Amino acid sequence: MSTTGLMVELETVTKAFGGLRAVRDVTFSVGRGEIFSVIGPNGSGKSTLFNLISGVLPATSGSIRVLGRDIRKLRSHQVSRIGVGRTFQTTQVFADKTVLENAMVGRHLRVKTGLWQAQARTGFFRAEEARHRERSMEILDIVGLRDHADRRAGQVPNALQQRVAIAMALANEPELLLLDEPTGGLMEQEVLDLMALLRRIRDRGVTIMLIEHKMRLVRQVSDRIAVLNNGSLICEGGPDTVLNDERVVEAYLGTVDASST
Amino acid sequence: MRQGSKTALTIAVALLVAVALPYVVTNDYLFHLIIMAVIWSILATSLNLVLGYTGLLSLAHGAFFGLGAYTSALLVTKCDWNFWVTIPPSMLVAAAGGILIGVLTLRLEGHYFAVSTMSFGIVVSLILEKWDDLTEGPRGISSIPAPTPIPLFGLGHLTFESDTAKYYLALAILAICLLFVWRMIHSPIGRALEAIRQNELLASCLGVDLIYYKLLAFSFSAAMAGLAGVIYSTYITYLNPVDAGLWNGFYAVMYIVIGGMGTFLGPLVGTLFLVTVPEILRVFQDYRLLLLGALLILTITFLPDGIVGGLKRLRQRRTVGAMPPR
């Protein structure tokens with residue numbers, strides 16, 4: 001548990017791929033219970049930043065603390081154990097498995113029975129499996145997938161697949177949820193539904209970090225926003241301040257060429 | 001419930017057929033083939049755990065098979081151990097081989113992993129061939145006795161001299177292995193293994209320790225392959241380094257690919273198919289292998305997920321087609 005109440009603390013974090021510095025000297029922190037959005041043009045290092053925070057990639061330099069723990073030397077499964085769940089930009093689910101089975105895989109960290117109990121099919125094992133099934137159904141309820149529990153994840157509509165991914169990440173009951181562009185390919189109404197879902201998840205005590213391009217969603221749902229451009233943090237703060245900031249507008253629309261006037 | 005009772009009925013019928021088989025099959029050669037098919041099924045089932053469910057192409061299973069076979073045969077012939085007592089150490093030696101090669105190579109991906117396991121297989125058969133003092137080198141170990149009789153508390157002994165008795169022994173071991181794999185796959189561990197096969201990145205972000213679970217699957221699979229080797233050694237009564245070579249591992253891969261990778265019954269179906277079909281093709285004499293090759297290519301082309309996978313898809317399509325219109 002963090003002593004400062006901060007969920008994520010980044011200090012001068014840099015990630016270099018050879019000569020390319022995808023993330024440069026980024027410093028910010030995320031407080032408990034926030035919905036914190038990371039925005040920026042394509043290739044600005046947002047997804048790389050998420051990969052650093054979730055332990056998928058090691059940082060080149062700087063310090064990353066998640067729920068108060070230094071995660072620089074941890075790999076992704078160890079970071080998830082601290083209480084971090086995540087989804088990916090290109091929605092990743094286990095397509096051959098049913099939606100319920102996907103959620104059950106997501107409960108991996110909550111499993112207490114081992115191989116021999118599974119072999120003996122002990123009462124404890126059966127009871128635990130039943131409990132995981134029940135908890136998984138509750139989580140499908142939260143994300144609105146209860147009616148699709150028995151369908152194969154690869155066969156549910158695109159808009160719902162992202163929810164399968166969210167259900168999987170939530171199934172471990174994380175304290176921090178990283179969502180990489182959850183609205184990719186969604187229609188207007190579906191974006192609104194997702195916004196409501198994010199608030200519901202936050203109200204259950206989960207801190208959310210969000211990479212997003214749909215500015216209306218970002219403005220309405222975020223408590224704070226960080227803007228990346230070419231790997232550097234150019235602005236951070238509340239939605240109204242950030243989205244009206246000159247540097248942000250410039251990063252998205254390009255510089256107004258002064259010589260042309 | 002209906003699904004459950006259907007499964008129970010299928011299992012009961014299969015068991016009945018398997019138990020009745022020695023009384024139906026009178027041809028000695030055919031019976032020999034059936035026993036071999038049961039032993040290869042144990043090996044293929046062990047490989048299915050890593051290749052089918054976890055997605056690791058191991059070419060070292062011939063070596064694990066050989067390690068189990070040699071350990072048991074040496075302990076029985078040279079140390080006069082009771083056959084049954086040799087089973088745990090034989091499985092442990094095979095598992096140790098699995099852990100050793102696993103620790104060294106499980107960080108490697110795809111082809112690199114496959115090639116490394118193949119090299120391990122070559123090393124094992126070379127050691128068995130060159131370590132003459134222990135293994136009798138290329139001459140091999142002969143006159144391996146049948147399993148030690150089990151006393152039945154005043155009711156005489158349960159002996160394993162006859163082929164029929166050895167068949168029942170192999171069958172019982174196969175059943176135990178199938179039950180083990182079934183329960184492993186239908187548990188959180190199985191979910192983690194299948195998650196690894198389908199998407200390692202996603203699995204690790206859900207908290208699955210990739211190396212730990214791969215090593216777990218690999219060591220149990222190796223132990224089971226070793227067990228298949230133990231049964232082989234006592235049935236065939238003669239071992240040489242070829243029995244621990246690459247070919248048994250390659251055949252096991254082929255049984256699984258033909259039967260259906262990652263399906264529970266695929267290894268059995270594939271083994272039965274590939275052990276019996278070449279015999280049926282004997283009527284074509286010289287063209288036998290040519291036809292077998294063509295048959296394999298056709299199977300892989302038209303049934304990419306094997307015989308069992310193909311049947312599954314067929315059934316799915318039928319159920320979808322049978323759905324009432326909305």
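This is a predicted model: local features need pLDDT of at least 70, side-chain atom pairs count only at pLDDT 80 or more; totals for chains, interfaces and linings use all residues.
In which strand of chain A is the place of T12(A)? T12(A) sits in strand β1 of chain A.

Residues are numbered from 1 along each chain as its sequence is written, while chains are lettered from A and ligands numbered from 1 in the order in which they are written.

Stay with T12(A). Is T12(A) buried or exposed? T12(A) counts as exposed because it has 12 C-beta neighbours inside 10 Å. The scale works on C-beta atoms placed from the backbone: 20 or more others within 10 Å make a residue buried, 12 or fewer make it exposed, and anything in between is partly exposed. Leaving out residues up to four places away in sequence, T12(A) touches D25(A), T27(A) and G62(A). Contact means C-beta atoms, placed from the backbone, within 7 Å. F28(A) is 16 residues from T12(A) in sequence, with the two C-alpha atoms 8.7 Å apart.

The partner of β1(A) (residues 6-17) is β2(A) (residues 20-31), antiparallel over 8 bridges. Strands pair if DSSP finds at least two bridges between them. A16(A) has R21(A) as its bridge partner in β2(A). The two strands form a hairpin with 2 residues between them. In the turn, G18(A) has a positive phi of about 60°.

E173(A) has a value of about 55° and lies in the loop between α6 (158-171) and β7 of chain A. E173(A) is partly exposed because it has 16 C-beta neighbours inside 10 Å. In chain B, D80(B) has a positive phi of about 55°. D80(B) is in the loop between α3 (61-79) and α4 (83-105) of chain B. With 8 other C-beta atoms within 10 Å, D80(B) is exposed.

Next, helix α2(A), residues 76-83. S76(A), H77(A), V79(A), S80(A) and G83(A) are buried there.

In it, 23 residues of chain A contact 19 of chain B. On the chain A side, α2, α3 (99-105) and α4 (115-120) each supply at least two residues. The largest share, 4 residues, comes from α2(A).

Chain B has 14 helices and 2 strands. Its C-alpha trace spans about 70 × 50 × 50 Å along the principal axes. Of its 326 residues, 44% count as buried. Among its contacts between residues at least 6 apart in sequence, 74% join residues at least 24 apart.

Finally, the largest nonpolar core holds 154 residues, and A167(A) and I39(B) touch the most other members. Such a core is a set of buried Ala, Val, Leu, Ile, Met, Phe, Trp, Tyr and Cys residues joined through C-beta atoms within 7 Å. Helix α10 (residues 210-236) of chain B gives the most to this core, with 16 residues. Beyond four places in sequence, the contacts of A167(A) include N102(A), I139(A) and V143(A).

Technical notes: Two residues are in contact if their C-beta atoms, placed from the backbone, lie within 7 Å.
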